[in-house]
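Biologist: I would like to learn how to read pockets and their linings. Where do we start?

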Amino acid sequence: MSTVTPRFSTNDVTVVFFLGGPGSGKGTQSANLVKSYGFVHLSAGDLLREEQNRAGSQYGEMIKEYIREGKIVPMEVTVALLSNAMADSLASNPPAPGTKARFLIDGFPRKLDQAVFFEETVCPSELVLFLDCPEAVMETRLLKRGETSGRADDNAESIRKRFRTFVETSMPVVEDFRGKDKVVTVTADKSVEEVYQEVKAGIEARGISPR
């Protein structure tokens, strides 16, 4: 039994993990969910990229190396960045009385031990929203994005590494949460609007209503 108390209570905070392979459309759907449901969108990848470029960061060089190799950054670093981002958001933008703050955590947890560590130390999650998308579709989208994104990992070799990493390490997270009946799965090789309609239906069936 863990003796650690999570930093945030589920009485005050709703956490939804948002998973899907690279290029499955999480960024686009996250923007929709922020607008209609009042989520605060936290992208683990964005937080890591910002941290690696932050002057004086103790983690910067290490994060750069891990991202370049397509490897997963140590979970203590990622969880600390997410936890602090949640605290900053609650301090600067507290929820209205009688409502809970909602956090959509995008691209995390990448591994099962990350999920366990986050839930023990930060906050138990409400559910996992999973965008299920064929690899060929994701690769096409990412190569297209790479023409303009300037991201070092939007190239064919890095993309394939990221697919392999996702299948090997992140799918067990989805399966574990599915076993707890905490997964909303949406097929993501349709239009943005069609995918969003399915996302809305899925989360509203779990009691998350628009704001």
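Modeller: With residue classes. Ala, Val, Leu, Ile, Met, Phe, Trp, Tyr, Cys and Pro count as nonpolar, Asp, Glu, Lys and Arg as charged, and the others, Gly among them, as polar. This is a predicted model: local features need pLDDT of at least 70, side-chain atom pairs pLDDT 80 or more, while totals for chains, interfaces and linings use all residues. Residues are numbered from 1 along each chain, and side-chain values use heavy atoms, without hydrogens and water.

Biologist: How is the lining of the second largest pocket divided?

Modeller: Rolling a water-sized probe over the atoms shows where empty space is left. On a 1 Å grid over the protein atoms alone, a pocket is an open set of points where a 1.4 Å probe fits, with protein on both sides within 12 Å along at least five of seven lines; lining residues have an atom within 4 Å of a point. The second largest pocket's lining has two nonpolar, three polar and seven charged residues. Among them are Arg 49, Lys 64 and Asp 153.

Biologist: What is the volume of the largest pocket?

Modeller: A volume is the space filled by probe spheres set on the grid points, joined across faces, edges and corners. Here it is about 990 Å³. Of 43 lining residues, those closest to the centre include Pro 22 and Lys 26. The lining divides into 14 nonpolar, 17 polar and twelve charged.

Biologist: Is Ser 24 buried or exposed?

Modeller: Buried means under 20% relative accessible area, exposed over 50%, partly exposed in between (1.4 Å probe, protein chains only). Ser 24 is buried because its relative accessibility is 3%. Lys 190, at 29%, is partly exposed.
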